[in-house]
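Please keep your viewer open and be ready to select residues one group at a time. Each stop on this tour says what to select and then what can be found there.

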Amino acid sequence: MKARTLFLILGTALLSACSHLPETKAELIDYINNKNNGLKKVRQSDEGQFTLSYRPNVLFPNLPASARDYWYFILSLSNQGREYSQNFLESEQIYGKAIEQLAFGMEQNSYLITITADTVYCSASVFPRTYGSLDADKILLAFEKKNIENSKAFRMRIEAIQQEFIYQTKDINTINEIKLSQNEK
């Protein structure tokens with residue numbers, strides 16, 4: 001009887017420790033950056049490192065109501081600790097084409113494929129120019145959530161870099177349910 005009680009107490013403690021969701025903005029960012037939570041995906045190739053991270057709406061507290069109908073991802077592109085676009089400096093024309101693709105072509109070249117084979121294209125993308133001042137190019141990608149939130153999983157395909165990232169929808173839905181402490185927003 002004592003062993004059963006001990007196992008029950010240990011099991012409960014272990015489960016509660018594993019299911020702790022973030023309560024502050026700093027905890028939320030740490031939670032997202034922990035690859036074990038399924039919200040951050042990293043791919044490495046000869047061309048560079050590609051990271052895709054989900055960003056819940058709670059990180060954007062001043063979003064208008066209509067913008068809350070989207071799921072947001074940050075695509076980070078780097079090569080050897082510098083912006084990915086720096087790979088194309090060999091000529092002005094090649095560099096211009098690369099920047100044009102990153103700034104204006106990501107919506108047409110980024111899409112999700114749900115587990116039921118529905119394709120959802122990127123609704124909007126934002127590529128702020130940083131002119132070599134960061135360690136990576138960063139692009140915000142927005143997808144209309146009504147088309148994907150009920151799918152069990154999806155693959156995000158980004159043709160411009162020939163990479164694919166797989167997400168479990170439950171990981172995103174779990175983090176979307178959190179509420180941050182009022183003083184931490």
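## A walk through charged pairs, a helix and a hairpin

Begin by selecting glutamate 164 together with arginine 155, which form a salt bridge whose closest N and O atoms lie 3.2 Å apart. As you look at this pair, keep in mind that the model is a predicted one. Glutamate 164 counts as partly exposed because its relative accessibility is 25%, and arginine 155 is likewise described as partly exposed, with a relative accessible area of 32%. Side chains of opposite charge can pair when their charged atoms come close.

For another of them, select glutamate 159 and arginine 157, whose side chains meet at 3.2 Å, taken from N to O. Are these two partners buried or partly exposed? Glutamate 159, at 24% relative accessibility, counts as partly exposed, whereas arginine 157 counts as buried because its value of 17% is under the 20% cut-off.

Next, select lysine 170 and aspartate 171, where a further salt bridge joins the two side chains at 3.3 Å from N to O. Here lysine 170 counts as exposed, at 55% relative accessibility, while aspartate 171, at 16%, counts as buried.

Now move the selection to threonine 169, which has its place in helix α5, a helix covering residues 169-176. Threonine 169 counts as buried because its relative accessibility is 2%, a value under the 20% that sets the limit for that class. What does threonine 169 touch, if residues up to four places away in sequence are not counted? Show Trp71, Ile148, Glu149, Ser151, Lys152, Ala153 and Phe154, and you will have on screen the residues that threonine 169 touches under that condition.

For the last stop, turn to the strands and select residues 40-45, which make up strand β1, along with residues 48-55, which make up strand β2. These two strands pair in the antiparallel sense, and the pairing runs over 6 bridges. How many residues lie between β1 and β2 in the hairpin that they form? There are 2 residues between them. To see how the strands face one another, select arginine 43 and then look across to phenylalanine 50 in β2, which stands opposite arginine 43.

Terms used:
Residues numbered from 1 in each chain as written. Predicted model: local features only at pLDDT ≥ 70, side-chain atom pairs only at ≥ 80, totals over all residues. Heavy atoms only, no water. Pairing = 2+ DSSP bridges. Helix = DSSP H or I, 4+ residues; strand = E, 2+ residues; numbered from the N terminus. Buried < 20%, exposed > 50% of the residue type's maximum accessible area, 1.4 Å probe, protein only. Contact = heavy atoms within 4.5 Å. Salt bridge = Lys/Arg side-chain N within 4 Å of Asp/Glu carboxyl O.
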